[in-house]
Amino acid sequence: MSKFTFPRITFWRAIATLLITTGVIAAILRFTLGLGATTNLSDEFPWGLWIGFDFLGIGLAAAGFTIVAAVHLFHAHDYEPIVRPAILTAFIGYSLVVLVLVIDLGRPDHFWHPLVMWNPHSVMFEITWCVILYTTVLSLEFAPIVLEKFNMHRPIQWLHTCSLPFMILGVLLSTLHQSSFGSLYLCVPNRLHPLWYSPLLPVLFFVSCIASGISMIILETLILSRNGRTLLPPALRANLAKITAVALAIYLVIRFQDLLGRGGARYLAQWNYHSIAFYFEIVVGFVVPLVLLMSSRVRNSRRGLFSACLMVLAGFAANRMNTAITGLESWPTRTYFPSLIEILIMLGIAAIGFSAFSLISGYLPIFEEEPEPPRVSDEPWLQNTPPAGA
Amino acid sequence: MAQIQKALLIDISMCIGCNACQDGCKVANNLPAGEEKRLSPTAFTALEEHDGRWARRLCQHCEEPTCVSVCPVGAFKKTAAGPVLYDAEKCIGCRYCMQACPFRVPRYEWKSTHPRVRKCIFCSERLAKGMQTACAEACPTGATKFGDRDALLQEAAHRITAEPGKYVTKIFGQEDVGGTSVFYISPVPFEQMGFDNRLGNTPMPVLTMSAMSKIPNVVTVGAVMLGGVWWITNRREEVKKHEGSQKPGSTHQNQDHQ
């Protein structure tokens, strides 16, 4: 720390500092004054913005398990350069979600109870355990990056020896809790609007998180590939976009087949609060990006890909917020809008996420050209990776 | 579990809206006095007026309670005598019970920094002493009647058949969401009294279990499949590597994408 220099003040750093400061103040208020005084949560709306944010965070972090599965389990080594950014994104995403959950709990001092007080029938219990275990797996997947920074190769080798079962475990845990966020709503068929309620909610949540997770990582590669550095060759980026398109198409087929099969057509024909939210979600977030991503011109254009992926994320966010909030409202008698403190805490936590990503990727070898572990370094064929800047 | 289940029968046609049930409830549960029109952390029961009739709201003490099934720490339990009880010492405050309750009953102490979920506990301590619930004791007209579950169901059916046309032919709570411990009979359709007609007779936890029960399969099949894919792709790479060492430079691991 002897070479410490004060960081340059840039626009985004100023914004992030401001948001984190207000967020911390809002969080202090929430803990000292209680949920009732600081949020718009109520007996009618016991879950609000923060739960929606948890869904978002977990969904955007889904790239962590899809990319790890593709590279390490399916041996698609071309995508190696984005494994570390994906793991970092997931690690930050999950840590923040745990943070939001603790803020959201009415008794944060009891947060450890699910570890010792079990109810295996509860979806919430399953999610809690999956998130805890998966965050552990993520830290094991992340550990080599830290160890590498400090040249501790022996522990890296140990971690590498037993990495396969952990990676499989990570993919399974992700599959389970990504879908279980949908299962949370299975027991409220009378409350959740039929445009969002479905017995297939867990399947739909899982498929959409694949689209959003990959879109997130595409956006990251686009943003981080500026300044003369190319994280992923455009051809591979376009391939990822293809996978997103496939996930979107599968999602739309399941969603509409299920909706129409259960007599949802009459809700589609209406023009009201709920159907407008539904059409916005489906058209902007699923149909338009699907059409865009089916064109190879869009997939190979930075700007086209950027907008399409941004729309996927918007649609994903709309879907989760609609499931968590809009679908449970009944306009205009029973509605919910978050309080300023709820919003400030959420923005503060998002700012912590972006800052953490930028800080950590600055200090640790996240974007190394050759992130191969030492085990394979003596295998010459692996050195033949294509030049990264195609 | 040979214990006889207790229940309440609420006859909407007999209720005069005097609020004695809420007053009695507040005394029995040490809640601050004062009439409340809706359920709250300080009102475990409340009379909801619909066109000159009153629907008394309180925890229905379901046979298969959603709150018991959704609580991650098992803070709720269904007792053999019927009451569904809550343990604030376990509760982490996730409020899934409030989100999940088909009858929107649990209330939260939003104003507190150590909030609890609050709801009717079917006077379980009075029950243990062989007494009836405070609300049933307080009711001057017999609109709320306490008794054995089976006997009350018979009585409700008897009242409906004895005076044809006086009641709609439904005992609310007999089968709804798998059955409850609080039954209602009503002279007007239940929707008009603010009851949710979309509940169905399937206990809500069954809907969740249909997904949860697939987890063991997803895990075992998933693990085998992922392991298999790893094994196959790994093998393929080894073969390529072997070929590569025989004919240097002739193969490329990324040829699929070139």
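Q: Before we talk about the interface, what makes two residues "in contact"?
A: Two residues are in contact when their C-beta atoms, placed from the backbone, lie within 7 Å. On that basis, 47 residues of chain A are in contact with 53 residues of chain B. Bear in mind that this is a predicted model, where local features need pLDDT of at least 70, side-chain atom pairs count only at pLDDT 80 or more, and totals for chains, interfaces and linings use all residues. Residues are numbered from 1 along each chain as its sequence is written, while chains are lettered from A and ligands numbered from 1 in the order in which they are written.

Q: Which elements give two or more residues to the side of chain A that touches chain B?
A: They are helices H2 (35-38), H6 (113-116), H7 (123-149), H9 (163-183) and H11 (234-261) of chain A. H9(A) provides the largest share, seven residues. A helix here is a DSSP run of H or I with at least four residues, a strand is a run of E with at least two, and both are numbered from the N terminus.

Q: How do the residues on that side of chain A divide into nonpolar, polar and charged?
A: There are 27 nonpolar, 16 polar and four charged residues. The classes work like this: Ala, Val, Leu, Ile, Met, Phe, Trp, Tyr, Cys and Pro are nonpolar, Asp, Glu, Lys and Arg are charged, and the others, Gly among them, are polar.

Q: Why is H10(A) called roughly antiparallel to H11(A)?
A: Helix H10 (residues 201-224) of chain A packs against H11(A) at about 155°, with the axes 9 Å apart. Axes are lines fitted to C-alpha atoms, for helices over the stretch in contact, and the angle runs from 0 to 180 degrees between N-to-C directions. Under 35 degrees is roughly parallel, over 145 roughly antiparallel, 65 to 115 roughly perpendicular, and the rest oblique. So H10(A) counts as roughly antiparallel to H11(A). Residues making this contact include A:Val203 and A:Ile214 of H10(A), and A:Leu240 and A:Tyr251 of H11(A). By class, the contact has 16 nonpolar, four polar and two charged residues.

Q: What makes a crossing left-handed or right-handed?
A: The near helix is turned from the far one by less than a right angle, anticlockwise for left-handed and clockwise for right-handed. H10(A) passes H11(A) in a left-handed crossing.

Q: Why are H4(A) and H5(A) given their orientation label?
A: The axes of helix H4 (residues 63-73) and helix H5 (residues 83-104) of chain A come within 8 Å and cross at roughly 150°. H4(A) and H5(A) are therefore roughly antiparallel. Their crossing is left-handed. Among the residues in this contact are A:Ile67 and A:Val71 of H4(A), with A:Ala86 and A:Ile87 of H5(A). The tally is eight nonpolar, two polar and no charged.

Q: How do you know whether chain A agrees with a compact globule?
A: The radius of gyration is taken over C-alpha atoms, and the globule rule is 2.2 Å times the number of residues to the power 0.38. For 390 residues a compact globule would be near 21 Å, and chain A has 22 Å, so the two agree. Chain A has 16 helices and zero strands.
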